Amino acid sequence: MATKTVINAAGRSVPLEINGQAVIPFKGVGKHRPEGTKFAPPVPSCSDYPEDGNKLITSLEEALKKCGLADGMTISTHHHLRDGDLVSNKIFEIASAMGIKDLVWFPSASFPCNDPLIKYLDDGTINRIEGSMNGPLGRYVSEGKMKGTAILRSHGGRVQAIQDGDVMIDIAVLAAPSSDTFGNAKGTGGSSACGVIGYAKADYLYASKVIVVTDNLVDFPCIPMEIEGIYVDYVVVVDKIGLPEKIVSGTTRITKSPDRLLIAELTASFLDRSGILKDGVTMQAGAGGTSLAIAVFVHEKLKDKGWKASFGFGGSTKYMVKMLEDGQMGYILDAQVFDLDSVRSLETNVTHVPYPVFNAYNYHSKGNLTSMMDIMILGATEVDLNFNGNVVTHSDGYLLHGIGGWQNCLHARNVILPIPLFRDRIPVIVDEVTTLCGPGELIDVIITERGIAINPLRKDLIDSVKGSGLPVKTIKELKDEAERICGKPQKPVFDDRIVAAVKWVDGTIIDVIRKLKTD
Amino acid sequence: MNKSVAVAGNSGPKVRSDCEMILEIRSAGGIEIDLTSRVRALYGESIKTLCLAILKFFNIENVLLKITDSGALPFVLSARLEAAVKQLTETGKEYLPEMISQNNYSATRERFRFTRLYLPGNTPGFMINAGLYSADGIILDFEDSVAPEKKDESRYLVRNALRQVNFYGAERMVRINQGERGLDDLDFIIPHNVNLILIPKCETAETVKAVENRIEEIRKQYKIESEVFLMPVIETALGIENAFEIARSCGSVVGMAIGLEDFTADIGVPRTVEGNESFYARSRLVVAAKAAGIQPIDSVFSDIGDMDGLRATVLASKAMGFEGMGCIHPRQISVIRKGFAPGVAEIEKSKDIVWAFESARSNGLGVVALGSKMIDAPVVSRAQKTLELAERLGLLKSNWRNEDRGQ
């Protein structure tokens with residue numbers, strides 16, 4: 001089956017149709033403008049809902065049946081329970097037992113705990129996954145075993161796809177650590193607290209049917225109402241929505257690897273010498289060991305100089321909480337919570353507030369938080385000579401990671417990628433990325449253990465560190481050094497079949513992933 | 001040699017940047033390569049091409065080569081295969097990877113040796129980034145960190161690392177084995193631009209001389225011009241008693257280190273944090289080294305999690321006169337360097353003393369005073385040394401005398 005393809009604005013060969021739906025090739029950063037109005041779910045009437053506000057249903061199966069679960073439907077979930085999620089797999093177990101086929105799973109991300117879903121992909125219960133895929137699920141897709149084509153979107157792109165009507169959610173099944181019988185729900189309380197549940201916002205606003213699943217039923221009103229009950233159809237109480245030890249870390253830790261610490265230290269020096277770090281700075285850093293180490297170094301520098309970050313956007317961790325509580329950060333706006341210290345802070349500090357990616361990252365918002373950020377620390381599996389970035393595939397062609405908020409975060413003022421020059425012989429800086437996820441014009445600085453490369457478009461940054469003694473090199477020099485050490489890698493061999501598409505933040509197709517030829 | 005199967009290298013779930021080569025010589029059938037590699041999709045062909053070239057170089061025609069690779073770099077792959085080949089065939093040939101141009105630097109006698117990072121000689125993963133941590137020296141170790149059955153293969157690995165790994169200007173040191181094996185180690189490494197040799201468990205001046213003689217022979221044979229310095233490591237009571245003779249045994253000795261784990265074992269007491277049991281030995285070593293005009297170097301600090309303990313130990317060590325310490329983890333390097341470097345207050349006080357001394361001289365005064373205190377010549381000399389050190393470490397500008405000195 002030959003698919004008609006065109007070359008998009010990033011020079012990538014992409015199809016015009018995926019899963020029977022017309023798609024738009026990438027046009028360039030900020031170029032695409034959809035027309036018309038936002039998608040809207042069917043109109044409900046309060047007359048159809050219990051007057052006493054009690055929407056409890058005995059089981060998830062019953063709730064799914066009442067929502068009219070049928071072949072070909074799109075089922076959405078959020079990933080705040082991370083690797084401890086006990087709800088998502090249950091949905092498909094029920095659907096499979098009912099003999100339902102060809103469902104589309106639309107999660108905000110998947111985790112290793114979702115690997116058992118492979119059997120429902122095999123038996124036809126699930127047609128495809130539209131969301132981030134890691135580990136074995138990614139491998140399954142790369143080897144061409146999934147029936148439909150996977151669609152990878154950023155967190156913001158997921159909201160955009162919902163608002164554009166690209167993805168129409170039939171049933172949103174939203175796990176909630178606390179809920180009342182009306183369906184008002186939040187991320188704190190109970191034994192499965194995950195802090196915030198902001199990823200569910202677009203789902204409950206736009207899905208045709210909404211089921212809240214909780215293991216901690218509280219008296220009305222459940223406040224703060226992160227999910228508003230006026231959008232909820234049914235509430236299901238189960239024994240356990242998640243495994244607490246896998247939902248949040250007891251404690252996140254900075255890296256102990258001397259190589260990563262070196263990169264973190266170099267990153268902190270760069271932020272300092274370039275003048276990016278200043279009083280009132282705004283920043284985001286993830287929960288990876290290197291990012292945490294950078295946060296610690298940044299905290300020390302702010303303290304030394306008597307400066308204060310005006311706000312930080314979480315992924316909150318105890319290191320960010322410490323900045324808040326020590327007075328080196330004004331506010332934490334929080335999209336997800338990574339450890340117990342952050343859960344505690346969210347419950348006690350008035351300057352630590354939920355802030356869903358719906359508000360932070362969405363292409364259809366009237367302005368975005370990301371473009372207001374001074375410091376954005378991100379990772380990548382590959383970066384090429386044009387500073388293009390890849391976060392979803394490895395150099396061997398396997399799809400192994402999701403996009404997360406990565407593409408959205410590229411819109412920050414200074415996008416900095418602290419990455420090793422090579423990992424287990426595999427160079428991270430390459431001639432051309434295996435899969436294009438982010439255009440190089442948005443990636444400003446690459447910081448490796450063997451030197452710093454600044455995007456030539458950022459003359460201001462290049463000038464800012466002249467004479468600083470920092471090891472600034474061209475990206476070509478870094479690539480050559482990696483190849484001198486590792487040797488030049490051969491290219492993975494793909495066949496023509498497209499197994500996954502990568503969408504840009506505006507919903508256009510920036511690249512595709514093809515099936516790997518395996519011997 | 002009538003073995004027909006050889007094994008070299010390491011494999012296993014925790015192994016990174018290494019490989020295991022199992023080589024089986026056969027009577028016919030040509031060369032068969034069975035490759036398992038986590039980087040097969042990217043380097044499978046290049047690994048096979050390299051191994052075929054090496055087998056051809058050693059004229060091996062019929063063989064089954066089983067490779068289990070966990071991302072080994074080419075210098076590691078070739079070291080492992082050569083080690084396997086040499087278990088099976090008698091040959092004087094060496095398969096030498098290119099000597100990268102960045103590695104052609106020499107050391108000087110008086111360079112700093114505050115921090116020297118130990119690297120186990122058979123663990124390639126630690127070698128690759130070792131030069132990035134800005135230690136004054138890196139020590140590729142053949143001795144205690146290499147298991148007896150791995151000693152032979154580590155020679156090829158260390159040799160190849162000396163040629164291929166960029167240590168970014170760190171002094172290139174090797175700790176050889178004790179005795180005859182140690183002297184044989186030299187044959188493998190001296191031709192590849194080693195700056196300094198550490199001689200473990202050194203007890204007599206003769207041991208140092210034997211090492212120097214062997215190095216001289218190799219230097220002549222290979223027409224090596226750059227110097228190879230020596231640093232005996234004293235680890236026994238007898239070594240301490242002979243410390244001064246060892247220190248001045250040869251012209252190429254630039255420093256002398258103490259190894260306290262072995263020393264305390266030798267005198268039959270446990271090593272303590274306070275170190276009272278080794279106080280005399282350490283003092284004796286410092287005095288002997290200073291008398292011979294070489295650098296006294298302290299033992300390693302073995303708890304890599306205890307940075308506060310390390311900091312305290314470095315300051316105590318500096319106070320005794322030591323001029324450096326071994327590092328067993330990269331995280332120790334900056335703590336040790338900062339500890340041995342002069343502090344801000346020390347630099348300021350030294351500036352005051354030297355300033356007072358120089359102005360007294362220019363005024364023709366014989367007596368130097370700072371405030372109401374008279375300053376003796378040795379005090380001035382020590383202050384001058386501190387400032388020289390600060391200048392060399394970049395902590396003080398060489399034109400500090402021109403700075404405005406407000407009263």
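Reader: Does Phe387(A) count as buried, partly exposed or exposed, and why?
Author: The model is a predicted one, and the count rests on its C-beta positions. A residue is buried if 20 or more other C-beta atoms lie within 10 Å of its own. Phe387(A) has 26 C-beta neighbours inside 10 Å, and therefore it counts as buried.

Reader: Where does Phe387(A) lie, and what is its phi?
Author: Phe387(A) is placed in the loop between β20 (382–384) and β21 (389–390) of chain A. Although Phe387(A) is not a glycine, its phi is positive, at about 70°.

Reader: What radius of gyration does chain A have beside that of a compact globule?
Author: For 519 residues, a compact globule would have a radius of gyration near 24 Å. The value for chain A agrees with this, at 23 Å.

Reader: What percentage of the contacts in chain A between residues at least 6 apart in sequence join residues at least 24 apart?
Author: As to burial, 57% of the 519 residues in chain A are buried. Of the contacts in chain A between residues at least 6 apart in sequence, those that join residues at least 24 apart make up 71%.

Reader: Are α9(A) and α10(A) roughly parallel or oblique, and why?
Author: Two packed helices are described by the angle between their axes and the distance between the axes. Helix α9 (residues 289–305) of chain A and helix α10 (residues 318–326) of chain A have axes that come within 9 Å and cross at roughly 15°. Angles under 35 degrees count as roughly parallel. The two helices, α9(A) and α10(A), are therefore roughly parallel.

Reader: Which residues make the contact of α9(A) with α10(A)?
Author: The crossing in which α9(A) passes α10(A) is left-handed. By class, their contact has 6 nonpolar, 1 polar and 1 charged residues. It is made by Leu292(A), Ala295(A), Val296(A) and His299(A) of α9(A), together with Tyr319(A), Met320(A), Lys322(A) and Met323(A) of α10(A).

Reader: What covers the buried residues of α10(A)?
Author: The buried residues of α10(A) are Lys318(A), Tyr319(A), Met320(A), Val321(A), Met323(A) and Leu324(A). Just after α10(A), Gly327(A) has a positive phi of about 90°. The cover of the buried residues includes α9, β16 (309–316), β17 (329–337), α11 (340–348) and β18 (352–354) of chain A.

Reader: Which residues does a cis peptide bond with omega near 20° join?
Author: A cis peptide bond with omega about 0° joins Phe220(A) and Pro221(A), and Pro221(A) is in the loop between β13 (209–214) and β14 (234–237) of chain A. The bond with omega near 20° runs from Gly314(A) to Gly315(A).

Reader: How is α1(B) oriented to α2(B), and why?
Author: Helix α1 (residues 40–57) of chain B packs against helix α2 (residues 74–88) of chain B at an angle of about 40°, with the axes 10 Å apart. The angle makes α1(B) oblique to α2(B). Their crossing is right-handed, and the orientation asked for is oblique.

Reader: Into which classes do the residues of the contact of α1(B) with α2(B) divide?
Author: From α1(B) come Ile47(B), Leu50(B), Cys51(B) and Ile54(B). They meet Pro74(B), Leu77(B), Ser78(B), Leu81(B) and Glu82(B) in α2(B). By class, the residues of this contact are 7 nonpolar, 1 polar and 1 charged.

Reader: Which element gives the largest share of the side of chain A that touches chain B?
Author: In chain A, 17 residues are in contact with 17 residues of chain B. The elements that give two or more residues to this side of chain A are α8 (258–273) and α15 (475–486). By class, the side has 7 nonpolar, 4 polar and 6 charged residues. The largest share, 3 residues, comes from α8(A).

Definitions and conventions:
Residues numbered from 1 in each chain as written. Chains lettered and ligands numbered in written order. Predicted model: local features only at pLDDT ≥ 70, side-chain atom pairs only at ≥ 80, totals over all residues. Rg over C-alpha atoms; globule rule 2.2 N^0.38 Å. Buried ≥ 20, exposed ≤ 12 C-beta atoms within 10 Å, placed from the backbone. Contact = placed C-beta atoms within 7 Å. Axes fitted to C-alpha atoms, helices over the stretch in contact; angles between N-to-C directions. Helix = DSSP H or I, 4+ residues; strand = E, 2+ residues; numbered from the N terminus. Parallel < 35°, antiparallel > 145°, perpendicular 65-115°, else oblique. Left-handed = near helix turned anticlockwise from the far one by under 90°. Nonpolar A, V, L, I, M, F, W, Y, C, P; charged D, E, K, R; others polar.
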